[in-house]
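Please look over the sequence and the model before reading on.

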Amino acid sequence: MPPIVSIENLFLGFGDVTLFDGLNCDVEPGSILAVVGANGSGKSTFVKTLLGLQSPMDGRIEWPVGKPAEIGYLAQLTEFDRRFPIRVRDLAAMGAWQGFNPFAGLNKTTRNRVDAALEMAGILDLADHPLHTLSGGQLQRALFSRVIMQDAPLILLDEPFSAVDQYTEQHLLSVIETWQSEGRAVIMVLHDLSAVLDHCTHALLLGNGRASFGTVDDILTPDRLIAQGYMSSSQASWMFRGQSNGGMR
Amino acid sequence: MFELTSEMFSYAFMRRAFVVTTILSASVAPVGAFLVLRRLSLAGEAMAHAITPGVVIGFVTAGLSVTSLLFGGLIAGLGVAVLTAYLARNTILRSDASLASLYLIALAIGIFILSAAGSAVPLKSFLFGSILGVDDASMILVGGVATVTLLTFALILRPLIMSTCDPVFFESQVKRPWIVDQGFMFLLVLNLLAAFKTLGTLMAVGLMILPATAARYWSGTITAQLGLGFIFSLLSCWLGLTLSYVLPETPSGPAIVLVAGAIFVLSALFGPLGLRGQFSATPKS
């Protein structure tokens, strides 16, 4: 099966600053890629480049089966205006907005899809609540339901678990696993090394002008994390204490 | 009450004033709602000042006609809007600081030309409008602006809601997100010009912002916000015009905005999202 996105010799930066260069990777259907790196290593720039909001300095991003009209996208929670006067179900419906008739309401099929998406995200009971009444975790579930509505082959999640509790994280991980089983590819930017990495098939480590891509076990080793400026050697020896294989798991 | 209304409507200028402000309400209400929701309430006020030089130059060169007002105001307003977006995108200044700088320059140019042109310029009507002397051309202007505004809103409502609620997501979904932003600024300038003739430069934004902020205290959905904003706007115009008729010598523009202000205060006091307290600025944990 061809990859959903194929990246060749990608060079990202701005002005005289090089974030990283020489990245080659294929994101296969059914894979979950964790993007990890210190602040300023290029995680957000990588996401913007995939979304087409920023041009690479060099290299190519190819879409072997055609670039999807939409890429499922979840931005960081901090960038969202939670005082906006819409209900949870309207937020979810935004995910399918490009197919809407501007002069008509939502048809029955779309309304049913919205209900199904809210149920999958575990907030169907909050469907008619305004956004400002939601907790951080509930809002993240609502935003996940919008990504579900996008029905995209590639899903980009920017720090999806940074403001949610453990129970919500577990539920949202089950949604991501459903996407994986449906053959979608998921790319997650992660701020911390956490148990979430257990669910990832691949990792992309950014830092110190380099980009390392491979399986989680191959990439997130103490040596690489130290070499690419993600953590100090004392932090690494504490985090990986008692592990004989040197990797995260 | 019946006698008052029948006496008031026996005057053609009052009938015209009621018709033109009714149409104006339908047009400015959605613009005001999105100004508030896009956190551009003060930018609306700034844009009202930014159109001044265009209107003044139009007046000095071609007289106080609807055409000169429309073209002069549109050029000045859109010029400031485009330059603001350009500076915000390409320099360290954010859009609020860029807009503040440019509108102050525009306002100074306007006042400078206005003063240099001498006493021939009706300063009071520039500041407070002349709602009681609305001519056919002004009515056509307001009607035309309302038609363009409502049709455009029908077309871009969903993208506008998305770009307001979650601009980062919206940018990731469309190739040219700036079309919606600039399209909205175009509608803002157009409506300021429609309101400018009738309410004046000082009061034009009042009819946009106050009904919208008052409506926000009552509404949990965008539909309710738009509908209630229109009703409050209409109520302000009708009661304000009546007040201005009952109390001679009181200008109609400030009377309308004062009524809108009273509705705002009552909404803040009694609206479910106001001081009565169902809303908390910090989210639940």
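Is A:Ala163 buried, exposed or partly exposed? With 16 other C-beta atoms within 10 Å, A:Ala163 is partly exposed. By definition, a residue is buried if 20 or more other C-beta atoms lie within 10 Å of its own, exposed if 12 or fewer, and partly exposed in between, with C-beta atoms placed from the backbone.

The model is a predicted one, in which local features need pLDDT of at least 70 and side-chain atom pairs count only at pLDDT 80 or more, while totals for chains, interfaces and linings use all residues. Residues are numbered from 1 along each chain as its sequence is written, and chains are lettered from A and ligands numbered from 1 in the order in which they are written.

**Chain A**

A:Ala163 is located in the loop between strand E6 (154–158) and helix H5 of chain A; helices (H or I, at least four residues) and strands (E, at least two) are DSSP runs, numbered from the N terminus. Leaving aside residues up to four places away in sequence, A:Ala163 touches A:Leu77, A:Gly136 and A:Gln140. Here, two residues are in contact if their C-beta atoms, placed from the backbone, lie within 7 Å. A:Ser135 is 28 residues from A:Ala163 in sequence, and their C-alpha atoms are 9.9 Å apart in space.

The domain assignment divides chain A into domain 1 (1–71 + 155–249) and domain 2 (80–151); such bounds come from an automatic or database domain assignment. Taken over C-alpha atoms, the centres of domain 1 of chain A and domain 2 of chain A are separated by 27 Å. Eleven residues of domain 1 of chain A are in contact with eleven residues of domain 2 of chain A. On the domain 1 side of this contact, helix H5 (residues 166–181) of chain A gives the most, with four residues. The residues of that side divide into seven nonpolar, two polar and two charged. In this classification, Ala, Val, Leu, Ile, Met, Phe, Trp, Tyr, Cys and Pro count as nonpolar, Asp, Glu, Lys and Arg as charged, and the others, Gly among them, as polar.

The contact of chain A with chain B takes 23 residues from chain A and 22 residues from chain B. On the side of chain A that touches chain B, there are 15 nonpolar, three polar and five charged residues.

**Helices of chain B**

Helix H3 (residues 41–50) of chain B is largely enclosed by the rest of the structure, because eight of its ten residues are buried. Among the buried residues of H3(B) are B:Glu45, B:Met47 and B:His49. The buried residues of H3(B) pack against several helices of chain B, including helix H2 (12–37), helix H6 (95–116) and helix H11 (206–216).

Axes are lines fitted to C-alpha atoms, for helices over the stretch in contact, and angles run from 0 to 180 degrees between N-to-C directions.

| Helix pair | Axes | Angle |
|---|---|---|
| H2(B) and H8(B) | 10 Å apart | about 20° |
| H3(B) and H6(B) | within 8 Å | roughly 30° |
| H2(B) and H11(B) | within 8 Å | roughly 65° |

At these angles, H2(B) is roughly parallel to H8(B), H3(B) is roughly parallel to H6(B), and H2(B) is roughly perpendicular to H11(B). Angles under 35 degrees count as roughly parallel, over 145 as roughly antiparallel, 65 to 115 as roughly perpendicular and the rest as oblique.

The crossing of H2(B) and H8(B) is left-handed, H3(B) also passes H6(B) in a left-handed crossing, and the crossing of H2(B) and H11(B) is right-handed. A crossing is left-handed if the near helix is turned anticlockwise from the far one by less than a right angle, and right-handed if clockwise.

In the contact of H3(B) with H6(B), B:Ala43, B:Ala46, B:His49 and B:Ala50 meet residues of H6(B) that include B:Leu99 and B:Tyr103. The residues of this contact divide into nine nonpolar, one polar and no charged.

**Positive phi values**

A:Asn9, in strand E1 (residues 5–14) of chain A, has a positive phi of about 50° although it is not a glycine. A:Asn9 counts as exposed, with 12 C-beta neighbours inside 10 Å. In chain B, phi of B:Arg39 is near 60°, a positive value in a residue other than glycine. B:Arg39 lies in the loop between H2 and H3 of chain B and counts as exposed, with 12 C-beta neighbours inside 10 Å.
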